Amino acid sequence: MKCAVILAGGKGTRMKADCPKVMCNVLFKPMIGHVIDAVKEAGAQDICVITGYKHEEVEAYLDADIKTALQEPQLGTGHAVMQATQFITAHKEDEILILNGDGPLMDAQTINKAYAYHKENNNSITLISAMVDDTDGIGHIKRDENGTLLRIVEHKDATEEEKKINESNAGCYWFNGADLLYALSNITNNNVQNEYYLTDSLEILINAGKNAGAYVVENSEVVLGANDRKQLNELNNIMRRNINTKLMLDGVDIPCTDGVMIGKDVKIGNSTVILPNTIILGDTVIGSGCTIGPNTYIDNSEIGNGVTLDNCKILDSTVEDDVDAGPFVKVRADSTLKKGVHIGNFVEVKNSVIGEGSKSAHLTYIGDSDVGSDVNFGCGTVTCNYDGKNKFRCKIGNGAFIGCNTNLIAPVEVGDKAYIAAGSTITDSIPSNALSIARARQVIKEGWVDIKKPYKEKK
Ligand code: UD1
Ligand code: MG
């Protein structure tokens, strides 16, 4: 059985964040979320996360199937793993993956290749390493002249000579369970930072006559971690580029990737065009032949085929085939725009269903409403859904025509094919096929200005 311990207890002082470092986002998902995805994809069936600094925030984020162990105070990565002694003891017959929660680019393939290497060589410990250009802050992998592993030297403890070693410890290791317990019981804090370093396990196990190996990755990107905001930005750039490239190879058209940030769980069909400054997140699924963007933000939504979204914000909603929305449209949670709907500039839809082929071309708010098919909303329609305390729904029948500048005071129903005259404030339901006019009659007073005098007289 494969199982994993993920280290997430550190404050991450260098990040200067209010949240624990592992909760800092890469492509809008906490770093630890990416790590958990990789670990699960690699087949780990039992996972324990070490929490510490602001542990409630990490715990609140984790799914119920993930165990936690609290590290208080945080005395280093070795000390962090010691808090999982119970978990490790339960898995002492197993191979245990240990990895840092701040390395979101680690992937399941690398983890599994390292596992195969670990098993083939009957290792007690297999660490993942990579050749890197920037050696600042890394754990340097020290080998003898024959290339045999000796130990890991943390940058802060390294001599000038050791600092030149550019083989970096990824912070991702396979351990034999029983050997890990042995190593943990021998780690001390005899170093510059007075911390218990997990990395000391390597030398401890070598000295105990155990097999140790390093699986050196070809693509050094996967081992990168983020300790500060600059590194966080680099990780965002790398992940963003990798996702965009994969989408393009799958037939998604991204003529210019500027500002295009697409989360890794998003699915997009071929021949869909993504234009600049478009952010697509969560479990969003987009069909084919759509044009999305520019300047569009979509979170957790389902978008059909042939949809155009120009300067839109779409949240937790469904947009069916051939919808044309924008520019400057906001669709808030729990809305459905059915097939062929047109929503134009400065229209907001919230918690509403808009039926097939209905149109709202400009300056309208449709909230808490059930709208039929082929309805036309005139410019400036407002569903007045909130009385200051409670929200109420409006129901609008098929083929209704809502004149410009109509207020619909919810709850109210408009029957099929009914007309509402422009400028009406509708407080009572309207039967099908009726016309409703709810405005004051126009009055004309001839010659009135001769008495009042014009507003501005020409000199
Ligand atoms: C660590 C490694 C280093 C490696 C690097 C890769 C050690 C001693 N050093 O250094 O060899 O090159 O990762 O990114 O392991 N954490 C706890 N409790 C603590 C301290 C840290 O849970 O007391 C967690 C942090 O939340 C983080 C992870 O452990 O997720 C790594 O800690 P960090 O301080 O970032 O270690 P590095 O200095 O990056
Ligand atoms: Mg780190």
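Helices (H or I, at least four residues) and strands (E, at least two) are DSSP runs, numbered from the N terminus.

A quick word on the basis: this is a predicted model, where local features need pLDDT of at least 70, side-chain atom pairs count only at pLDDT 80 or more, and totals for chains, interfaces and linings use all residues. Residues are numbered from 1 along each chain as its sequence is written, chains are lettered from A and ligands numbered from 1 in the order written, and side-chain values use heavy atoms, with hydrogens and water left out.

Back to α5: Ala 108, Thr 110, Ile 111, Ala 114, Tyr 115 and His 118 are buried, meaning under 20% relative accessible area with a 1.4 Å probe, protein chains only. Seen down the axis, they fall within an arc of 165° (taken from the directions from the axis to the C-beta atoms), so they line one face of the helix. After α5 comes Asn 122, with a positive phi near 50°.

Now the magnesium ion (ligand 2), coordinated at 2.2 to 2.3 Å. Donors are N, O and S atoms within 2.8 Å of the metal (3.2 Å for Na, K and Ca); water is not among the atoms, so sites may look incomplete.

| Residue | Donor atom | Location |
|---|---|---|
| Asp 102 | OD | loop between β6 and α5 |
| Asn 227 | OD1 | loop between β11 and α8 (229–249) |

The two sit 125 residues apart in the chain, and both Asp 102 and Asn 227 are buried.

Conventions: Buried < 20%, exposed > 50% of the residue type's maximum accessible area, 1.4 Å probe, protein only.
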